[in-house]
Amino acid sequence: PNLAEVMRPISGAGEGVVALQFASFSFDASVMDIAVTLAAGGTLAIASSEERREPEALAEMIRTAGVEVASVVPSLLGVLDPDSVPGVRNWVLGAERLNADLASRWAYRARVWNTYGPTEATVITTAARMDPGIRPEDQPPAIGAPIGNAQVYVLDGFLQPVPVGVTGELYVAGVGLARGYVGRPDLTAERFVACPFGGRMYRSGDLARWTADGQLLFAGRADEQVKIRGFRVEPGEIEAVLASHETVGQVAVVVREDRPGDKRLAAYIVPAGESLDTDELREFAALLLPEYMVPSAMVVLDALPVTLNGKLDKAALPAPDAAGGAEGRAPATAVEELFCGLFADVLGLESVSAEGSFFELGGDSIMSMLLVSSARKKGLTITARHVFQHRTPAGLATVAGMDSDSTASSGAEAIGVGDMPLTPVMHELLARVGLDEVGRVTQSTLTVTPVGLDFAVLTDAVQALVDHHDTLRAQLVHGSGEPGLTVPASADARPWVRRVEACHADLEQLVSDETQAAVGRLDPQAGVMVQVVWFDRGSAV
């Protein structure tokens, strides 16, 4: 009951509001979606298995179902195009670390919350709304402050509170705290401990520190338990599965972060005999483990490195051989060459051969979605299923569909001039309001200009924007066929900029009146896509 009540304003749930149900029902995040949404009188739009794999299919479902609020992991948000889901006004992110770059791409479009919470404390414990002005280069966002009826403590090894800015272990208490683990009194006693401030608390194993304004900053894990793409993973479980294969003598599984923010599982294996087939071992692991627990890289070693006292020396484990991606034949066609480049970009490699396997080079299901999205931007149509089935640039080149208007065959970027097809969002808007009313579907913003701004300078600045952004020069055409866009190489922006005297006016009323007038001047069919109104309050303001 507490979760359903206190998370309602954060999730945006309400009567008649459609919420995305993306999390698997075996994942604790689904509990929040169900409890909060249904308790508020909302509706769940449940993603199918295909929609969980394909970002384009998921975006289409979100638009079709009228989803307004959603709770997902940041890595999923990273492969969605913000323009493809304009109707979602509230995103709740959790289970993974959120970086400022991703937050900055979404926070100015919708409400974005960063949350934290272990399963043992009923899904969500802290939450923070992202500043719409967050920048890509900012520090990682805070995980917030405790939600209603939850208590969070950052303690040292003696269970004493640490000062602001000092890292300590995170403990959680409150009405959402679980009783313990069924049939595991030993683990319950280890994790659910007496709270020095009264009652019980949960030892999360996470590290954090307080900011001066009462926000929590996540600082990593205190034990070996890790999270991969939002799922809690014990490397020992994976080691046990791999060690059960007859060709494996010794095995160690670790989490590597060879690129900042990109955590991957790597397995280091000593063969039981003379040889070991990593493809066969990967398939074996996939039969017994969830997909997110199958190591991205499998490295065969003669022996595992150990310290002087005989323990595994993790620091001495070599990085997976990324150079192996370049081994094999060179691309034979322009499309193969394009896919080789896309593989390298997505996987963070210098180069990839035409026969390099996406998954052997470190790819996973989330990264396959990113590959699909990147390919579409180049004019190549593939699905995540294609990536799993064909795996290599050469294989994908045989099944990829090519947009007729794209420049993918040459590898060049589209220059944004000429006839363009409408995006799915544009088609949806036309279907809703019709050609005659589409000009009234607008977005506007009010910003403060520098003191002493000159009208000519403002006009030049608007012209520079129009020159740079092709869509601002576009003209909606329909003729006898499908509606589309025609983008000229240049357009004169001077008629689109107006100066309004505002020295002695009621500014609020003036802005309202001029906004309505500006909307009336928009005419996509005439190529008028933007209007700029300067409310001039004099040289001293």
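Student: What should I keep in mind about the model and the numbering?

Tutor: This is a predicted model, where local features need pLDDT of at least 70, side-chain atom pairs count only at pLDDT 80 or more, and totals for chains, interfaces and linings use all residues. Residues are numbered from 1 along each chain as its sequence is written, and side-chain values use heavy atoms, with hydrogens and water left out.

Student: Okay, what makes residues 18-21 strand β1, and which way do its side chains point?

Tutor: Helices (H or I, at least four residues) and strands (E, at least two) are DSSP runs, numbered from the N terminus. Residues 18-21 are strand β1, with Val18 and Leu20 pointing one way and Ala19 and Gln21 the other.

Student: Why is the unit of β1, α3 and β2 called right-handed?

Tutor: Point the strands away from you: a crossover is right-handed if the path from the first strand over the helix to the second runs clockwise. β1, helix α3 (residues 29-39) and β2 make a β-α-β unit of that hand.

Student: What makes β2 and β7 edge strands?

Tutor: Start with the sheet: 7 strands form an open one in the order β2-β1-β3-β4-β5-β6-β7, with mixed pairing. β2 and β7 (145-146) each have a single partner strand, so one side of each is left without a neighbour in the sheet. At the β7 end, β6 and β7 pair in the antiparallel sense over 2 bridges, with Thr126 and Pro146 as bridge partners.

Student: Why is Glu336 called buried while Arg329 is called partly exposed?

Tutor: Buried means under 20% relative accessible area, exposed over 50%, and partly exposed in between (1.4 Å probe, protein chains only). Glu336 has 8%, so it counts as buried. Arg329 has 33%, so it counts as partly exposed.

Student: What makes Arg329 and Glu336 a salt bridge?

Tutor: The term needs a side-chain nitrogen of Lys or Arg within 4 Å of a carboxyl oxygen of Asp or Glu. In Arg329 and Glu336 the closest N and O atoms are 3.0 Å apart, so the pair qualifies. By this rule the count comes to 14 salt bridges.

Student: How do you know that Asp83 and Arg109 link distant parts of the chain?

Tutor: Their side chains meet in a salt bridge at 3.0 Å, N to O. Asp83 is in the loop between α6 (74-77) and β4, Arg109 is in the loop between α7 and β5, and they are 26 residues apart. With relative accessible area of 43%, Asp83 is partly exposed, and so is Arg109 at 40%.

Student: How do you know that Glu501 and Arg499 form a salt bridge?

Tutor: Their closest N and O atoms are 3.1 Å apart, so the pair is inside the cut-off. Elsewhere, salt bridges that share partners join Arg329, Glu336 and Glu355 into one network.

Student: What stands out about phi at Thr122?

Tutor: Its phi is near 65°, a positive value in a residue other than glycine. Thr122 is in the loop between β5 (111-116) and β6 (126-129). At 31% relative accessibility, Thr122 is partly exposed.

Key
Two strands pair if DSSP finds at least two bridges between them.
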